[in-house]
Structure formats: structure tokens, C-alpha cells
Amino acid sequence: MTEKNMPVYGHLGELRNRIVITAVFFFLFMVVGLFFAKPVIVYLQSDNVAKDIQMNAFNLTDPLKVYIDFAFIIALLLSLPVALYQLWAFVSPGLYENERKVTLSYIPISFILFAAGLSFAYFILFPMTVHFMSNIANSLDVEGEYGINEYFSFLFSLILPFGLLFQFPVLVMFLTRLGLVTPYILRKIRRFAYFGILVVAGIISPPELISHLTITVPLIILYEISILISANAYRKRLKAEEEARLDLELEKTHLE
């Protein structure tokens, strides 16, 4: 029995195995993260954004929580390629042969885009936000005391969503290959997407024009790139379907 003809319970068993493999690798990388968490925390504390901020522990467990959070984030980053490969391995039997090769290349692209999203948020958005908040505190003559847990929790809440947002081109490419999205749909909903981007940028950026544009413009460019990628993937899918149809007709001709 081929994987394409596998019954539902067979697919569920396959999915379970893929999830277990991903979970095992995540656990192993979590152990690795426990070793690398401290140097990463020390590095971030000495960075330009944080070096003038005196961090405190307002609860006895705050340092431990921060340590575990960093180990978790490190494990998440390292296990991302594994999780993406397991996802690809699960859906690949339903793809054409050339589509399998193309979609396999999405894995390193996805990891690079995730890292790019984190970098954009940390090196551009996060300093602007901290600077804006510090200016407000100074204008109110408020001396801030920051907890290490609150500082890094705020950092994670800001940069991790951007890592996911930067996955959008890969997600669009993948869904287009599966036939679930087309470039025509993306163009049709463009105005709604722009409105959503403006809302998101307004929520996460400081309330001043330059910061807002710094977030809005890259996200709009990301959306437009996604449309171009979808158009290219859509053409390739149509070509693959046409080739498969011709091969099937040729097979039938030989049988007759």
C-alpha cells in the first residue's frame, strides 16, 4: 500500500510519529539550551540597549524563570528545522516529484526568514521602543527599576511574533503549491491586508510616525514579495499538473 492510499488511521499514526520525533529533538535541544542560556543572557545584558539598565529580581524565582525561558527559546530555534522537515515528510507523499524537491528547499529559507524577523525586531524595533519608553519616564521624572523577568519577557513578546510574521512568504509559497492559495486571492485581499498591517504596526510601535513607518513599510514589502512568490509557485504548479496529465494520457495510449 502506497502512502497516498494510506487509510486515515495510517495518516494519524504517521503524524503521531512525526510529532514524537520533533518532541524528542526539542527535548535534546532544551538540554543544549541549558548550557548556552547563561552566555546568551550575559551578552544581551551587556548590549547597548540594556547596558545602562539595572536589572533586578522582584521574585525569588525570576532568575530561574529567565534561565529556563532562554533555554526554551534556544531549543525552539534549533528544533525549528527538524519540525519543518517532519512537516514536509508528512505532506510530501501528496506532492508531485518536482514539488517535493522544491518544497524541501523551503526549510532553510524558512529558518533564515525566522532569524531575519528576530534580527529586525531586536536590532531595529526593540531599541526604538526602549528609547521611547525611557523618554516618557524621563519626561515624567520617573526613575525606573526594571525586573530581569519583565525585561526579557517584554523582549520575547516583541521579537518572537516578528520571527513568525517573516514566515509569511514561505507559508504562502507552500499553500500555493498545495493549491490552497493563489496570487489572485492575495491581490484581491490586498487592501484588507494593508489595513491589518497598519493596525498591527500601530499596536506594537511607539506612537510616532518614523517608528510606525519603520514597521509598516517592511511588512508591506513582505506582503508584496509574497504575492510575487505565490505567482511563481502557481505557474510552476500549473506546469507540473499539465505534465502529470500528459504523462497519464501517454500511459493510457501505451496501454491501449
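The model is predicted: local features need pLDDT of at least 70, side-chain atom pairs count only at pLDDT 80 or more, and totals for chains, interfaces and linings use all residues. Residues are numbered from 1 along each chain as its sequence is written, and side-chain values use heavy atoms, with hydrogens and water left out.

**Whole chain**

Select the chain and colour by secondary structure. It holds nine helices and two strands; helices (H or I, at least four residues) and strands (E, at least two) are DSSP runs, numbered from the N terminus. From the N terminus on, the order is α-β-α-α-α-β-α-α-α-α-α.

Switch to a surface. The accessible surface comes to about 15700 Å², and 70% of it belongs to carbon and sulfur atoms; these areas come from the Shrake-Rupley method with a 1.4 Å probe, and for residues only the protein chains shown count as cover. Of the 256 residues, 35% count as buried, where buried means under 20% relative accessible area, exposed over 50%, and partly exposed in between (1.4 Å probe, protein chains only). Among contacts (heavy atoms within 4.5 Å) between residues at least 6 apart in sequence, 86% join residues at least 24 apart.

**Annotated segments**

Residues 66–91 are 100% helix and 0% strand, with end C-alpha atoms 36 Å apart. For residues 103–125 the figures are 96% helix, 0% strand and 31 Å.

**Core**

Next, show the side chains of M55, F70, F126, Y151, F152, L155 and F162. Of the 45 residues in the largest nonpolar core, these touch the most other members. Such a core is a set of buried Ala, Val, Leu, Ile, Met, Phe, Trp, Tyr and Cys residues joined through side-chain atoms within 4.5 Å. Two or more core residues come from each of α1 (8–45), α2 (62–91), α4 (106–139), α5 (148–165), α6 (168–177), α8 (190–204) and α9 (209–255). The most come from α4, with 10 residues.

Centre on Y151. Leaving out residues up to four places away in sequence, Y151 touches V49, A50, I53, M55 and F126.

**L158**

Move to L158 in helix α5. L158 counts as buried because its relative accessibility is 7%. With residues up to four places away in sequence not counted, L158 touches A121, L125, F126, T129 and I204. Draw a distance to L125: the two C-alpha atoms are 8.3 Å apart, across 33 residues of chain.

**Aromatic rings**

Show the rings of Phe, Tyr and Trp (its six-membered ring), which pair if their centres lie within 6.5 Å; planes under 30 degrees apart count as stacked, over 60 as edge-to-face and the rest as tilted. The count is 15 aromatic pairs. Y122 and F123 form an edge-to-face pair, with centres 5.1 Å apart and planes at 80°. Y122 is buried at 10% relative accessibility, whereas F123 is exposed at 55%.

Now select Y184 and Y234. Their ring centres are 5.7 Å apart and their planes at 90°, so this pair is edge-to-face. Y184 lies in helix α7 (residues 183–188) and Y234 in helix α9, so the pair ties together parts 50 residues apart in sequence. Y184 is exposed at 53% relative accessibility; Y234 is partly exposed at 21%.

Finish with F70, Y122, F123, F126, Y151, F152, F154 and F156, which ring pairs link into a cluster.
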